[in-house]
Amino acid sequence: MPVFKDLFRSKSRYATVKPAQGDGEPARTQAARPKEVPDGLWVKCPGCQNILYQRELARNLKVCARCGHHFHVGAVERLSQLLDSLDTFEEWDADLRTVNPLGFPGYEEKLARMQAQTGLSEAVVTGEGRLDKHPVAIGVLDFSFFSGSMGSVVGEKLTRLFERALERRIPVIVVSGGGGGARMQEGILSLMQMAKTSQAVERFGESRQPYISVLTNPTMGGVYASFASLGDYILAEPGALIGFAGPRIVERTIRQSLPSGFQTSEFALKNGMVDMIVERKDLRPTLARILRLHRA
Amino acid sequence: MVNGVFEWERPLIELENRIKELQAFTKEKGIDFSEELATLERKADRLRAEIFSNLTPWQRVQLARHPRRPTTLDYINMICTDFIELSGDRCVRNDEAMVGGIALLDGIPVTIIGPQKGRDTKENIRRNFGLPHPEGYRKALRLMIQAEKFGRPIVTLIDVVGAYPGIEAEQRGQGVAIAENIRRMSFLRVPIVCVITGEGGSGGALAIGVGDRVLMMENAWYSVISPEMCAEILWKDTSRAPEAAAVLKIGAQDLLELGVIDEVIPEPLGGAHRDRELAAQRLKEAVVRHLRELLPLSGDELVRRRLEKYRRMGRVAQVTEERLQAVSESPRD
């Protein structure tokens with residue numbers, strides 16, 4: 001049985017970190033429900049302000065049929081969109097748990113809250129699955145968990161993803177589904193994950209297998225300034241926020257308002273920082289096409 | 001801070017000024033005040049020990065930002081001979097917020113690089129307050145690759161608030177430049193010794209901070225985020241930066257304990273600016289000692305050890321199957 005099923009199996013699985021008082025709701029089985037899409041039948045599109053029918057939106061891969069706004073997609077849902085089937089997915093390193101190395105105030109409580117809200121144990125899900133019937137190592141960051149930020153566990157899981165992919169000589173896909181950058185609560189150790197993951201990417205190169213980095217909204221800070229920028233191929237979803245410094249910090253530094261479209265995928269493409277912009281419906285076929293070319 | 005004096009060191013500075021005045025007076029008038037002077041000196045010693053031996057994390061951050069703290073070029077001039085500055089990234093322009101070149105360090109030819117803050121307003125404007133653009137990082141990388149070609153060890157001196165957050169910096173790929181530097185530095189086949197001399201601001205510091213040895217001056221800070229920004233995120237209040245400096249664990253001793261740096265270089269009592277020559281001498285001694293340890297190692301061995309060192313960074317816990325089982329079976333509160 002694929003280990004992945006464990007994600008849905010037991011509600012207590014993520015209870016190893018005690019939830020904060022009064023916040024004792026167990027981890028939900030519906031993993032990675034994006035914040036932008038609340039419960040209920042209808043949702044307002046932030047792109048065109050139209051009211052969209054939830055089920056319709058889900059069927060359209062969480063893309064607004066009217067204006068093309070790409071809603072956040074959780075890690076599990078993303079895997080189901082990209083892989084042949086979720087049944088082909090075997091999760092790796094699901095047993096890694098975050099500690100509080102600095103004794104940072106409120107970190108455990110926030111982690112417990114995130115785990116309860118998302119049903120995930122950390123901000124990245126990694127493992128092996130099949131795309132176009134061929135094995136790939138795949139990691140997906142989930143924006144709904146701590147803004148998809150990278151602490152020790154995210155860094156370690158991604159590093160092991162590249163290491164195992166090197167051993168097995170299979171391609172790697174990482175979807176930076178929302179990089180909140182390096183996670184503040186783990187301080188300097190989060191910064192060091194940038195070095196660790198970048199080194200893992202480079203060593204993976206010995207396999208002569210491709211690493212495809214997919215940037216989705218938002219990919220910023222330490223996530224962008226490490227593994228996400230180091231793909232052999234870098235794809236971006238339309239309209240994603242991509243950059244190093246947060247737009248508010250840039251605005252405050254230069255003391256003028258930012259040009260429209262600043263730090264979007266289109267801005268990154270124009271400035272030569274990504275290979276192409278790919279709409280969500282084309283993402284799986286595009287990945288498949290690149291991988292097929294590598295096998296030819 | 002007024003005239004380079006912090007409120008918390010004011011009593012000492014005032015006392016030191018009185019001693020200087022009395023010494024001058026003695027010389028001028030030929031009157032013997034040696035007894036009074038001795039008493040004042042003893043008092044000053046006591047006060048110095050009292051104020052400077054128990055610095056808070058925030059006081060150290062303030063010292064790291066002291067306007068008279070030696071800058072990268074100050075250190076280069078004090079510890080090297082025959083420094084030849086090299087310019088430009090060969091692509092966009094010469095970013096003066098990053099300096100680098102070749103020099104002799106205790107007789108060893110080295111490539112030495114670091115962000116450069118201005119020493120006055122005019123220089124600060126020219127040097128963008130020591131905040132590099134991507135071309136600054138690319139210049140640094142160009143010089144490092146050149147160093148590798150000639151088998152020259154690399155020394156980086158790091159004093160940077162962060163990579164510049166601006167429109168052009170983003171257009172030219174600040175994130176990509178940092179990532180590329182981190183990746184390339186990790187695999188260079190020559191010894192790399194990095195020293196955080198003042199401020200170590202996040203990715204902008206790491207982009208020239210991947211080394212075989214990473215050292216830190218006693219009062220330097222090195223963090224994933226500045227104390228001010230952390231305070232703003234946590235409490236929406238930058239005035240609580242002193243608290244943030246404490247919880248972030250950004251001091252040299254903290255980083256040594258976390259295994260992120262290899263050695264703390266002691267500063268003159270009260271900070272490097274109080275005795276720049278002594279600070280430089282200690283910096284030089286430490287860098288040369290580490291370089292001499294690394295120089296006999298082959299390129300393969302250097303890279304192998306460097307990767308091993310970074311591979312261990314981070315703290316995670318592992319839950320066993322039994323533990324998972326036990327957790328799922330035990331009733332929840």
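Leu241(A) sits in the loop between β9 (233–236) and α8 (247–254) of chain A. With a relative accessible area of 25%, Leu241(A) is partly exposed. The model is predicted.

**Chain B overall**

- Chain B contains 15 helices and 9 strands.
- The C-alpha trace of chain B spans about 80 × 65 × 45 Å along its principal axes.
- Of the 333 residues in chain B, 55% are buried.

**An enclosed helix in chain A**

- Helix α3 (residues 75–82) of chain A has 6 of its 8 residues buried, so it is largely enclosed by the rest of the structure.
- The buried residues in α3(A) are Ala75(A), Val76(A), Arg78(A), Leu79(A), Gln81(A) and Leu82(A).

**Backbone geometry**

- Most residues other than glycine have a negative phi, and most peptide bonds are trans.
- Asn217(A) and Pro218(A) are joined by a cis peptide bond, with omega about -15 degrees. Pro218(A) belongs to strand β8 (residues 211–219) of chain A.
- Ser147(A) is not a glycine, yet has a positive phi of about 55 degrees. The loop between β6 (134–141) and α5 (152–168) of chain A holds Ser147(A), and this residue is partly exposed at a relative accessible area of 34%.
- Asn128(B), also not a glycine, has a positive phi of about 50 degrees. Asn128(B) is placed in the loop between α5 (121–126) and α6 (134–149) of chain B.

**Surface patches**

- On chain A, a nonpolar surface patch is made up of Leu41(A), Trp42(A) and Ile51(A), which together have about 350 Å² of accessible area.
- On chain B, Arg18(B), Arg42(B), Lys43(B) and Arg46(B) form a positive surface patch.
- Helix α2 (residues 34–52) of chain B supplies the largest share of this positive patch, 3 residues.
- Arg46(B) is located in helix α2 of chain B and is exposed, with a relative accessible area of 55%.
- Arg48(B) also lies in helix α2 of chain B. Arg48(B) counts as buried because its relative accessibility of 17% is under the 20% cut-off.
- The side chain of Arg48(B) makes a polar contact of 2.9 Å with the side chain of Asp45(B).

**Salt bridges**

- Side chains of opposite charge can pair when their charged atoms come close.
- Over all chains, the whole structure has 50 salt bridges.
- One of them joins the side chains of Asp300(B) and Arg189(B), at 2.7 Å from N to O. Asp300(B) is in helix α14 (residues 299–311) of chain B and Arg189(B) is in the loop between α8 (174–186) and β5 (192–201) of chain B, so this pair ties together parts that are 111 residues apart in sequence.
- The two partners fall in separate accessibility classes: Asp300(B) is exposed at 53% relative accessible area, while Arg189(B) is partly exposed at 44%.
- Glu243(B) and Arg240(B) form a salt bridge between their side chains, at 2.9 Å from N to O. Glu243(B) is partly exposed with a relative accessible area of 37%, and Arg240(B) is partly exposed at 29%.
- Arg304(B) and Glu308(B) make a salt bridge in which the closest N and O atoms are 3.0 Å apart. Arg304(B) is partly exposed at 42% relative accessibility, and Glu308(B) is partly exposed at 41%.
- Arg304(B) and Glu308(B) are 4 residues apart in helix α14 of chain B, so about one helical turn separates them. An α-helix has 3.6 residues a turn, so residues three or four places apart point the same way.
- Salt bridges with shared partners also link Asp93(A), Glu156(A), Arg160(A), Glu163(A), Arg164(A), Lys196(A) and Arg311(B) into one network.

Notes: Residues numbered from 1 in each chain as written. Chains lettered and ligands numbered in written order. Predicted model: local features only at pLDDT ≥ 70, side-chain atom pairs only at ≥ 80, totals over all residues. Heavy atoms only, no water. Patch = residues over 30% accessible without salt bridge, like charges linked within 9 Å, V, L, I, M, F, W, Y side chains within 5 Å. Areas by Shrake-Rupley, 256 points an atom, 1.4 Å probe, with all protein chains shown as cover. Salt bridge = Lys/Arg side-chain N within 4 Å of Asp/Glu carboxyl O. Lys, Arg positive; Asp, Glu negative; His and termini not counted. Charge placed at Lys NZ, Arg CZ, Asp CG, Glu CD. Helix = DSSP H or I, 4+ residues; strand = E, 2+ residues; numbered from the N terminus. Buried < 20%, exposed > 50% of the residue type's maximum accessible area, 1.4 Å probe, protein only. Polar contact = N/O pair within 3.5 Å; in protein donor to acceptor, adjacent residues only side chain to side chain.
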